[in-house]
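The sequence and model come first, then the points by topic.

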Amino acid sequence: MNKSRPTQHKRARERARQEKQQLKAQRRLESKNRKAAQPEAGGGEDPDIAGIVPGPQPSPWGDEVDG
């Protein structure tokens, strides 16, 4: 009777390890699919400053200064 016990424990550990590996593989696949479904960033450009050219900027209030 004593010899069967370590084998049963070993089988239980192996089953638990296999289940953990399956869950981990499933999480990896879900993460991969989620990343693939998201649109990619627009070339690393900050959308807040996209299209702004260096130098003086026009007034956002439309104030024209004659000078």
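Lys-24 lies in helix α1, which covers residues 4-37; helices (H or I, at least four residues) and strands (E, at least two) are DSSP runs, numbered from the N terminus. The model is predicted: local features need pLDDT of at least 70, side-chain atom pairs count only at pLDDT 80 or more, and totals for chains, interfaces and linings use all residues. Residues are numbered from 1 along each chain as its sequence is written, and side-chain values use heavy atoms, without hydrogens and water.

**Fold and exposure**
- The chain has one helix and zero strands.
- Of its 67 residues, 0% are buried (under 20% relative accessible area; exposed is over 50%, partly exposed in between, with a 1.4 Å probe and protein chains only).

**Positive patch**
- Lys-20, Lys-24, Arg-27 and Arg-28 form a surface patch of positive charge (residues with over 30% relative accessible area and no salt bridge, like charges being joined within 9 Å).
- Lys-24 is partly exposed, at 41% relative accessible area.

**Salt bridge**
- The structure contains one salt bridge (a side-chain nitrogen of Lys or Arg within 4 Å of a carboxyl oxygen of Asp or Glu).
- Glu-14 and Arg-17 form a salt bridge, with their closest N and O atoms 2.5 Å apart.
- These two residues are about one helical turn apart, because three residues separate their positions in helix α1.
- Glu-14 is partly exposed at 33% relative accessible area, and Arg-17 is partly exposed at 40%.

Definitions and conventions:
Patches are made of residues with over 30% relative accessible area and no salt bridge: like charges are joined within 9 Å, nonpolar side chains (Val, Leu, Ile, Met, Phe, Trp, Tyr) within 5 Å. Accessible areas come from the Shrake-Rupley method with a 1.4 Å probe; for residues, only the protein chains shown count as cover. Lys and Arg count as positive and Asp and Glu as negative; His and the chain ends are not counted. The place of a charge is taken as NZ of Lys, CZ of Arg, CG of Asp or CD of Glu.
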